[in-house]
Amino acid sequence: MIDIPEALAASQEEFNGEAGRAFIAGLPQLTAEFLDRWELTVDGRPMHGVTALVVPVVRADGTSAVLKLQLLDEESEGEPVALRVWDGDGAVRLLDRDETTGTMLLERLDPTRMLSHLGDTREAVLVIARLLAHLTAVPAPQGMRRLGDIAEAMLDRTRSALSHIPDLDTRRLVADCAAAVREVMDEPGDRLLHWDLHDENVLASDRAPWLAIDPKPLAGDPGFELWPALDNRFDADEVRWRFDAMTDVLGLDRARARSWTLGRLLQNALWDVEDGRPPEPRQREIAERLRNAGS
């Protein structure tokens, strides 16, 4: 039997309600089913993030791997598709998958060597930038969620959100970010994006120094990928350097990258407003530091 971490059950309850409770209730049986189907032996304590259970396993041929079980939603359903496209180039390798449940068998990386443990934060930003250069070099496959649709939906939600923001500075911030998105809406891009490449989603491996995990893939402009590296281990004085370094490594148009990065701030701010919270102070600071970054 697999012990289900209490924190995973709590996060499923918080974010997915009844569907999350049902997923947690069925998780022991689901885990047992795939251990049997794929002839896997448990090889360590289960790990988890906000939404997924990750079980270290060994395959019948002795290969180390991890079994990842998660609730299918619009973010997670594209993960195996993206991993198959990347085929291990800059990302964890997909070994097997079940389309019905979204369960995946992945190569095992080293969870004790996470990019967030790297002391040199500038080097960590460059690692992310180099990975993104690989990952976004390919076009997104047909059927992937599209940044253009997400941006359009954000702008629609902005109209309502502005009327529910009492603070003038917050209203101005949200309105400015929405205006920046409108400037680039006509060309949302077609590259395969990871969307969530922060420094806890980068692990070391024997076959490569660093590899990305846990994509929430989109088809869109790589400028939409920069936000997590600006927010990781936040340092206001480093925002401009990080933005410059990433746009240089990725070869991005700075003005467009600035607009799409403010689009990520808009996305975060809308979630905060809809949950009754003001945007976090560091998000305001990042926006302020980026105001002249497109020049």
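How many bridges join β9 to β10, and in which sense do the two strands run? Two bridges join β9 to β10, and the strands run antiparallel. This is a predicted model, in which local features need pLDDT of at least 70 and side-chain atom pairs count only at pLDDT 80 or more, while totals for chains, interfaces and linings use all residues. Residues are numbered from 1 along each chain as its sequence is written, and side-chain values use heavy atoms, with hydrogens and water left out. Helices (H or I, at least four residues) and strands (E, at least two) are DSSP runs, numbered from the N terminus.

**Strands and sheet**

- Three strands form an open sheet in the order β7-β9-β10, with antiparallel pairing; two strands are taken to pair if DSSP finds at least two bridges between them.
- The edge strands of this sheet are β7 (110–114) and β10 (211–212), each of which pairs on one side only.
- Leucine 203 stands opposite leucine 211 in β10.
- Strand β5 (residues 94–97) pairs with strand β6 (residues 104–107) in the antiparallel sense, over 3 bridges.
- Within this pairing, aspartate 96 stands opposite leucine 105 in β6.
- β5 and β6 form a hairpin with 6 residues between them, and glycine 102 in the turn has a positive phi of about 80 degrees.
- In a regular strand the side chains alternate between the two faces of the sheet.

**Aromatic pairs**

- The structure holds 3 aromatic pairs; rings of Phe, Tyr and Trp (its six-membered ring) pair if their centres lie within 6.5 Å, and planes under 30 degrees apart count as stacked, over 60 as edge-to-face and the rest as tilted.
- One of these pairs is edge-to-face and joins tryptophan 195 to tryptophan 271, at 6.4 Å centre to centre and with 75 degrees between the planes.
- Tryptophan 195 lies in the loop between β8 (191–193) and β9 (202–204), and tryptophan 271 lies in helix α8 (residues 254–274), so the pair ties together parts that are 76 residues apart in sequence.
- Tryptophan 195 is buried at a relative accessible area of 10%, whereas tryptophan 271 is partly exposed at 34%; buried means under 20% relative accessible area, exposed over 50%, and partly exposed in between (1.4 Å probe, protein chains only).
- Phenylalanine 224 and tryptophan 260 form another edge-to-face aromatic pair, 6.0 Å centre to centre with 85 degrees between the planes.
- Because phenylalanine 224 lies in the loop between β11 (218–220) and α6 (227–231) and tryptophan 260 in helix α8, this pair ties together parts that are 36 residues apart in sequence.
- Phenylalanine 224 is buried, with a relative accessible area of 1%, and tryptophan 260 is buried, with a value of 0%.
- The charged end of arginine 264 sits over the ring of phenylalanine 224, 5.1 Å from its centre; a charge sits over a ring if NZ of Lys or CZ of Arg is within 6 Å of the ring centre and within 35 degrees of the ring normal.

**Salt bridges**

- A search of the whole structure finds 27 salt bridges, each being a side-chain nitrogen of Lys or Arg within 4 Å of a carboxyl oxygen of Asp or Glu.
- Arginine 207 and glutamate 107 meet in a salt bridge through their side chains (2.6 Å, N to O).
- Arginine 207 is partly exposed at 35% relative accessible area, while glutamate 107 is buried at 13%.
- Arginine 277 forms a salt bridge with aspartate 272, with the closest N and O atoms 2.8 Å apart.
- Arginine 277 is partly exposed at 43% relative accessibility, and aspartate 272 is buried at 7%.
- Salt bridges that share partners join Glu13, Glu18 and Arg21 into one network.

**Helix α3**

- The 15 residues of helix α3 (residues 121–135) should span 21 Å at 1.5 Å a residue, and the end C-alpha atoms are 21 Å apart, which agrees; the expected span is 1.5 Å times one less than the number of residues.
- Buried residues of α3 include Ala124, Val125, Leu126 and Leu135.
- The cover over the buried residues of α3 includes α2 (79–86), β8, β9, β10, α6 and α7 (239–250), where contact means heavy atoms within 4.5 Å.
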